[in-house]
Amino acid sequence: MESLNTNVTDNAKAILNNAKTLKLHTGNLVNRSRLKKKCPSSPSEELQDCIRATLIDWLSTTQLPSEGGVSDTVVCSIPDPTEAIKPEEREELKVSVKLFLCETDQSSIPEALEMACQTLAVSQLDSVIIAPRGLPEGTVQTLAHLQPAWEELEALVRSQKIAAIGTSDLDKDLLEQLYKWSQVKPSSNQVNLASCCVMPPDLTAFAKDYDIQLLTHSDPKELMSATAFQEAVQESTKELDVADWRLEWVLRYSIIVKSRGIIKAKGYLVNARKASP
């Protein structure tokens with residue numbers, strides 16, 4: 001049995017070594033016993049734990065394809081089936097997403113949200129909050145930084161892939177600029193209470209006047225660094241060379257039962273790409 005498991009793991013590593021894109025789905029964290037026993041100290045630690053646990057499970061069960069060769073894209077998920085939403089229960093559930101961009105390229109936004117729709121078996125996401133890539137130290141965020149990502153989201157609202165879109169960590173002035181410029185207005189703005197213990201009065205007043213919901217969160221400015229991602233992969237796969245892998249985006253979803261306000265499912269989708277030689 002040990003020899004069989006070793007062969008399976010070696011096969012999985014061979015698949016990863018030949019891959020150019022890695023798409024990882026952690027499955028429903030609400031039901032994952034290995035992860036439920038842990039109490040992560042931060043969202044970053046939770047994500048690292050999820051990546052490690054998912055890769056370990058995947059490595060132990062994946063074998064080389066019998067035909068067709070090895071694909072450039074590897075989809076890594078746990079053996080348990082995904083808890084897709086059944087059509088008859090869709091109206092009872094709210095699907096919320098926060099998309100963390102790790103690169104400056106905005107073209108991955110439609111791909112990330114389409115992957116979420118396919119994974120959860122829904123045609124539309126109820127709410128999407130965008131968290132753009134952090135800016136270099138000393139750089140002040142402006143409307144110009146937000147516009148490319150927002151335009152991508154607006155197109156997805158028009159195509160009915162998303163019902164509502166929101167922002168993260170905007171002060172009153174920047175939120176007002178985005179509101180006046182945008183065609184699809186922000187429905188929400190997340191505020192990090194670690195850096196702001198009380199909602200700023202000017203932000204509260206503006207949000208009230210324009211019907212923008214203010215939410216709180218505890219996510220760091222950088223949910224996962226490139227180094228932290230590479231470490232998580234390295235710890236799971238041991239001999240695999242991860243130096244060329246770049247994290248492109250992380251999507252966190254939650255499925256909430258509207259009538260009771262409880263989380264039915266929560267998970268992460270992760271996309272990484274190997275840098276071209």
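How many bridges join E3 to E4, and in which sense do these strands run? The two strands run parallel and are joined by 5 bridges, and within this pairing Ser127 in E4 is the bridge partner of Ser96. Two strands are said to pair if DSSP finds at least two bridges between them, while helices (H or I, at least four residues) and strands (E, at least two) are DSSP runs, numbered from the N terminus. This is a predicted model, in which local features need pLDDT of at least 70 and side-chain atom pairs count only at pLDDT 80 or more, whereas totals for chains, interfaces and linings use all residues. Residues are numbered from 1 along each chain as its sequence is written, and side-chain values use heavy atoms, with hydrogens and water left out.

These strands belong to an open sheet of 9 strands, which has mixed pairing and the order E2-E1-E9-E8-E3-E4-E5-E6-E7. At its edges lie strand E2 (73-77) and strand E7 (213-217), each of which pairs on one side only. Strand E1 (residues 21-25) pairs with E2 in the parallel sense over 5 bridges, and Leu24 has Cys76 in E2 as its bridge partner. As for E4, 7 of its 7 residues are buried (under 20% relative accessible area, with exposed meaning over 50% and partly exposed in between, for a 1.4 Å probe and protein chains only), so E4 is largely enclosed by the rest of the structure.

Turn now to helix H7 (residues 201-209), where Leu203, Phe206 and Ala207 are buried. Seen down the axis of H7, these buried residues fall within an arc of 100° (taken from the directions from the helix axis to the C-beta atoms), so they line one face of the helix. On the other side of H7, Pro201, Lys208 and Asp209 are exposed. The buried residues of H7 pack against helix H6 (172-181), strand E6 (188-192) and E7, where contact means heavy atoms within 4.5 Å.

How do H6 and H7 lie against each other, and at what angle do their axes cross? The axes come within 9 Å and cross at roughly 25°; axes are lines fitted to C-alpha atoms, for helices over the stretch in contact, and angles run from 0 to 180 degrees between N-to-C directions. H6 and H7 are therefore roughly parallel to each other (angles under 35 degrees). Lys172, Leu175, Glu176 and Tyr179 of H6 make the contact with Asp202, Leu203 and Phe206 of H7.

Note on methods. Angles under 35 degrees count as roughly parallel, over 145 as roughly antiparallel, 65 to 115 as roughly perpendicular and the rest as oblique.
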